[in-house]
Every structure is written in C-alpha cells, then in structure tokens.
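Here is a note for a colleague who is meeting this structure for the first time. Please read the numbered points with the model open beside them.

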Amino acid sequence: MDHSSEEDTDISESEIEEYEEKSYEDLKRGNHSLKISDVAYTCPYCPKKRKRDFGYKELVQHASGVGSGNSNKRTARDKANHLALAKYLENDVVVAGDSSKPDAKPDPQADPLADHDRDEMFVWPWIGIVVNILTEYKDGRYVGESGSKLRDQLARRGFNPTRVRPLWNYQGHSGTALVEFNKDWSGFGNAMSFEKAYEADHHGKREWKANIGKKSDLYAWIARADDYKALNIVGENLRKVGDLRTISDIMEEEARKTNKLVSNLTNVIEVKKLHLKEMENKFKETAQSLQQLVEEKDKLHQAYNEEIRKIQSSARDHFQKIFNDHEKLKLQLESQKKELELRGRELEQREAKNESDRKKLSEELEQNAVLNTSLSAAAEEQRKVDEKVLKLAEEQKRQKEDLHKRIIHLEKQLDAKQAVELEIEQLRGSLNVMKHIEDEGDQEVLKKVDTLLKSLREKEEEYEGLEALNQTLIVKERNSNDELQDARKELVNGLKELPRVGPIGVKRMGELDNRPFHEAMKRKYNESEADERATELCSLWEEYLRDPGWHPIKVVTVNGKLENVIDDEDEKLKDLKRNYGEDVYKAVTAALIEINDYNPSGRYIISELWNYAVNQKATLEEGVTVLLNLWKKKR
C-alpha cells in the first residue's frame with residue numbers, strides 16, 4: 001500500500017482516534033510485518049535508522065510510550081500509528097511461551113532480586129527519577145504536567161507507581177519528578193522494570209548524562225547513592241523522603257521482624273495450649289463428678305419408688321384386715337339375734353303350761369327384751385362403727401388418690417428441672433407421704449424421713465458447689481477465647497506487611513473489586529476517559545456500601561433455616577445490573593455479602609486471615625504455619 005501521499009501532510013489532534021482505527025485495521029489485515037523471529041519484533045512506524053529488535057513487552061512499552069507521550073518531536077500521525085500498534089499487540093498478537101506478555105500469569109516463585117547486587121545502595125522506599133518533563137513559561141513561572149497524569153501513563157505501561165511528585169523551585173516546575181513505588185519486593189520489581197524500559201529506549205540515566213545534542217521525550221531511572229548525595233533539587237528531595245539502604249539490609253530487617261513475630265506467637269500458642277489442657281482436665285473431673293451424682297440420683301429415685309410401693313401395699317393390707325374383722329363381727333351379731341328370736345318363740349309356746357313357766361317365761365322375755373335392746377344398741381353401734389370405717393376407708397382412698405396425683409404432678413415438674421433438684425423434690429414428697437400416716441405411730445418411717453432430710457441438705461450443698469465450679473470454668477473459657485482472638489489480630493497485622501506466598505493471606509472483607517468497573521467503562525468510552533469514569537463509579541458504590549441506611553438484604557427460610565440473601569428487587573442493584581452488566585453486579589453483591597457477614601454494624605472494611613485455596617476463613621494454626629515457613633526461608 002502506498003502511504004507517501006498520506007505521510008506528506010500531518011493530521012490534527014482531533015483526528016488521532018480516527019486515524020488510530022484505520023492503522024489498527026491495516027495491522028489486522030497484515031499490511032505491516034512485526035515479527036522477525038519467535039522472540040524478536042520490530043516497530044514498522046519508526047524511521048529506518050532507529051529500527052532494532054524488540055522483545056514483546058519492550059515493543060508494547062515502546063508503542064505505549066510514543067503514543068501517549070507529549071514530545072513535540074512526534075507528529076500526531078506518529079502517535080496514532082503507535083497507539084494502534086499497542087492495541088494490536090495487546091489484543092491480537094499471541095506469543096507462545098513468552099512470559100513478558102501482559103496476559104501471561106507471573107511465576108509466584110520468581111525472585112525479583114536474582115539479577116541484582118544485594119550490596120548496591122538504593123534509595124528506600126524505592127523511588128524513580130523522571131527528567132526532561134515538558135514545561136512552558138506562563139505568568140512569570142514555569143508550569144508542567146500534573147503528577148497524576150504522569151502516574152496514569154506509567155501505570156498503563158505496567159509499572160504500578162503509587163505516586164508521582166513533580167519537583168518545584170522558585171522558578172516553578174523544574175522539569176523533574178520523583179516516582180514512588182510500593183515498599184515491598186513487588187514494588188522493587190516494578191521500579192527495576194521502569195528503569196530497564198527507559199534504558200531499552202535509550203532514555204536511561206547513562207544517555208541523559210551523556211549530554212549529546214538536544215534531548216526530547218522523558219528520561220528515567222531508579223534513584224541510587226549518587227542521586228541521593230547530589231547537591232541539586234533531586235538530591236535535596238530524596239534526602240527528605242528516603243534513606244540509603246542495601247538490599248541485604250532490608251532483607252535482614254524483614255527477617256528480624258518476622259523472627260520476632262513468630263517467636264511471640266509461638267510463645268502465646270504454647271501458653272494457650274497449656275491453659276486448654278488444664279481446662280480439659282478440669283472438664284473431665286467435673287464430668288466424672290456429675291456422672292456419679294446422676295448415678296446416685298437414679299439410685300435414690302429407685303429407693304424412693306420402692307418405699308412408696310411398700311407403703312401403699314402396707315396400707316392396702318391394713319384396710320383389708322379392718323374390713324374382714326368388721327364382716328366377722330357383723331355375722332356373729334346376726335347369728336346371735338336369730339338365736340334369741342328362736343328362743344323367744346319357744347318361750348311363748350311354753351307360756352301356756354303353767355304360771356311358773358309363764359313367770360319364768362315373762363322373766364326370760366324381759367331378759368330377752370333387755371338383751372334385744374342391748375343387741376339393737378350394739379347393732380346400731382356396730383352400724384355406726386361400720387359407717388365410720390367406710391368413711392375412714394373412703395378418706396384414706398381419697399388421700400391416697402390425692403397423694404398419687406401430687407406424685408404425678410411432682411414427676412412432671414421434676415422432668416423439667418435439673419437432676420439434683422429432681423432428687424430434692426422427691427425427698428420432700430416422701431416426707432409429705434410419711435406425715436399422712438404419722439398417726440399410725442410407725443417410728444421406722446419417721447427415722448427414714450430424718451435420713452431423707454439429711455440427704456436432701458447434703459445434695460443441695462453439693463449442687464451449689466458444682467454450680468460455682470461450672471461458673472468458674474465458663475469465665476476461664478471466655479478469657480482463653482479472648483486471648484486467642486488477640487493473637488489472631490496480631491497475626492493479621494503482621495501478615496499485612498508481608499507479600500502473600502501460597503494460599504494463606506490477609507483479605508480485606510467488603511473491599512470492592514474495581515476491575516469489572518474498568519471493563520464495563522472500556523466498552524462505552526475510550527481508555528483515558530474510561531479509567532476516570534470507572535474510578536468515579538467505583539467510589540460512588542463504595543459510598544453506597546458504607547451507607548447504613550441502604551440494606552438490600554432479606555431473610556428467607558431455606559430447608560427450615562433462616563438465611564440472608566441479596567434482595568434482587570432493590571432498585572439500585574437492578575439499575576446497576578441493567579446499565580453496567582453482570583460482572584459489576586456480582587462485584588458489588590459479593591462485597592455487600594462480605595460486609596453483612598463480617599461487619600454489619602460498622603459497614604467498613606476489615607482485614608481477615610483467609611485461605612484462598614478453599615475460599616474461606618483460615619485457622620490460626622494455618623496462619624502461624626505460614627509465618628514459620630517464611631522464617632525458615634529467610635533464616
């Protein structure tokens with residue numbers, strides 16, 4: 001394809017995006033050759049004299065740097081071509097076995113210090129230096145780009161800076177900035193990649209110091225001892241914010257901190273184990289004592305039931321004997337009455353014989369009358385006695401029924417109380433039964449009542465002692481649990497400062513994942529605007545998550561149990577899902593569920609020890625194992 005006519009004239013800034021799409025389509029159709037070999041690439045838009053071999057990542061950084069740079073040396077057409085090249089490399093080029101491609105997963109075991117002298121002096125925290133920033137003179141002083149814009153450019157190139165701080169003096173913007181990275185080893189790796197990328201484009205420290213010709217674009221490197229000691233604005237600011245440290249010094253300091261933390265936690269765990277063992281022994285002793293009490297209670301309960309059966313049997317036999325005696329007396333009186341009536345009839349027959357017989361008969365009749373009167377009185381007395389006996393029997397029967405009902409009532413109450421209280425109520429019931437038959441004069445029963453009362457008082461004292469022991473053990477268990485929670489908090493605080501190696505680490509529960517927001521915005525806006533809008537939207541939803549007045553959680557019954565679930569009818573969530581898609585909706589609901597589970601009252605982010613392999617809360621033992629492994633590696 002002939003581009004000579006197009007290259008004669010440049011394009012305006014507003015046409016960059018349109019021309020970028022055109023160049024991108026040319027690359028997809030294969031109109032330009034990029035690949036030199038399996039691992040080497042070339043830039044088709046650079047002048048012939050500047051062409052050289054690039055690695056995949058180096059070519060991506062070169063294209064992104066030229067496309068997003070502010071150099072006056074680069075035309076708008078050149079920037080559009082390089083932006084299209086960066087887009088084509090990231091979306092359409094597949095590099096087999098090339099770990100430099102951004103989509104390739106980094107090796108978690110890779111050592112960022114492998115190729116560096118551990119005794120070399122660096123400024124720590126890790127700081128990069130950027131010079132030759134474009135400035136212009138306005139209103140009596142020099143002004144230049146903001147640090148946030150340069151930070152975003154470096155972040156898109158994969159260097160992940162935490163802050164870019166332009167350096168100002170009395171004349172204004174000095175054209176120099178300090179780039180701050182994370183303090184950990186991943187931050188050191190990003191800083192070294194930052195330096196190597198600029199060295200690969202011949203914009204490193206050596207080229208800047210060479211002072212060859214008029215220089216354009218940015219030059220950058222990582223701050224070392226000579227920069228720290230320099231008598232200029234860079235050295236002055238480096239001495240304010242950092243110190244000179246060797247890699248060996250930093251590693252030794254981290255090892256000392258880790259060893260101290262491991263030692264402290266190990267001591268705490270040993271103490272907790274001893275306390276736990278003591279509590280287990282006391283628990284076993286208490287369980288054995290309670291078992292003995294239960295067995296004694298069962299024996300007393302059986303003895304009580306047996307005694308009740310004996311008393312009831314004795315009462316039945318006694319009443320039956322009374323009834324039998326009364327029946328015999330009644331039969332004897334009826335037999336005597338019949339005999340007297342018979343003799344009366346015989347005397348009446350003899351009355352006609354003679355006077356003497358009549359007198360004798362009259363006397364006998366009078367005697368019989370007196371005797372009949374006595375017998376009638378005796379019969380009446382016997383009848384009254386029988387009625388009294390029947391009433392006594394009925395009264396005894398009624399009392400026995402009342403006693404039986406009371407025993408049943410007491411047994412129902414005893415089933416709802418503790419074992420020792422049951423035994424106490426049964427002993428009192430036995431005492432009441434003994435009182436009912438106290439008139440019989442059974443001294444043996446009274447002795448048993450005294451014995452039961454003594455046993456009752458002993459069981460009450462024993463019950464109070466066991467209750468006091470139980471409360472003491474509960475207090476000790478709560479104190480031990482509090483100490484274990486304190487140890488877990490110290491472990492989480494310690495692991496926060498260390499890079500995660502393996503599945504065990506610290507997770508911020510309720511933190512909103514911003515990646516789905518960026519992906520959703522990229523589908524609607526260009527890359528620079530998408531990042532800004534994604535940040536705004538993510539911040540807005542973080543405020544929603546912290547709002548205690550917004551609670552899109554409902555309680556439902558699942559398999560007979562109450563569970564908290566997301567309310568799908570909530571208007572905010574429905575609008576979010578409809579406008580930005582399923583991934584953004586899932587990110588918000590996941591953070592919402594974590595906040596509801598771990599901090600529903602405060603609704604702020606908390607750190608938790610987490611097992612990423614099984615996606616659940618890690619145990620204290622797993623966390624200590626991680627620290628021990630780190631200690632062994634650093635030793």
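1. Among contacts in the protein between residues at least 6 apart in sequence, what percentage join residues at least 24 apart? The share is 64%, where a contact means heavy atoms within 4.5 Å.

2. This is a predicted model, in which local features need pLDDT of at least 70 and side-chain atom pairs count only at pLDDT 80 or more, while totals for chains, interfaces and linings use all residues. Residues are numbered from 1 along each chain as its sequence is written, and side-chain values use heavy atoms, with hydrogens and water left out.

3. The protein has 18 helices and 13 strands; these are DSSP runs numbered from the N terminus, with helices (H or I) of at least four residues and strands (E) of at least two. Of its 635 residues, 35% count as buried, a label for under 20% relative accessible area, whereas exposed is over 50% and partly exposed lies in between (1.4 Å probe, protein chains only).

4. Leaving aside residues up to four places away in sequence, Phe194 touches several residues, including Ile129, Leu154, Phe159, Val179 and Trp221.

5. The structure holds 13 aromatic pairs, counted when ring centres of Phe, Tyr and Trp (its six-membered ring) lie within 6.5 Å, with planes under 30 degrees apart called stacked, over 60 edge-to-face and the rest tilted. The rings of Trp126 and Trp185 have centres 5.8 Å apart and planes at 40 degrees, so this pair is tilted. Because Trp126 lies in the loop between β1 and β2 and Trp185 in helix α6, the pair ties together parts that are 59 residues apart in sequence.

6. In helix α9 (residues 233-241), the buried residues include Val234, Gly235, Asn237 and Leu238. They sit on the same side of α9, because they cover an arc of only 165 degrees around the axis, the arc being that of the directions from the helix axis to the C-beta atoms. Their cover includes β1, β2 (127-131), β5 (163-169), β6 and α8 (225-229). At the start of α9, a side-chain oxygen of Asn232 comes to within 3.1 Å of the backbone nitrogen of Val234.

7. Some backbone details deserve a careful look, since most residues other than glycine have a negative phi, and most peptide bonds are trans. A cis peptide bond, with omega about 5 degrees, joins Trp124 and Pro125, and Pro125 lies in the loop between β1 and β2. Asp139, in the loop between β3 (135-138) and β4 (141-144), has a positive phi near 55 degrees and is exposed, with a relative accessible area of 82%. Asn160 also has a positive phi, of about 50 degrees; its place is in the loop between α5 and β5, and Asn160 is partly exposed at 41%.

Conventions:
Polar contact = N/O pair within 3.5 Å; in protein donor to acceptor, adjacent residues only side chain to side chain.
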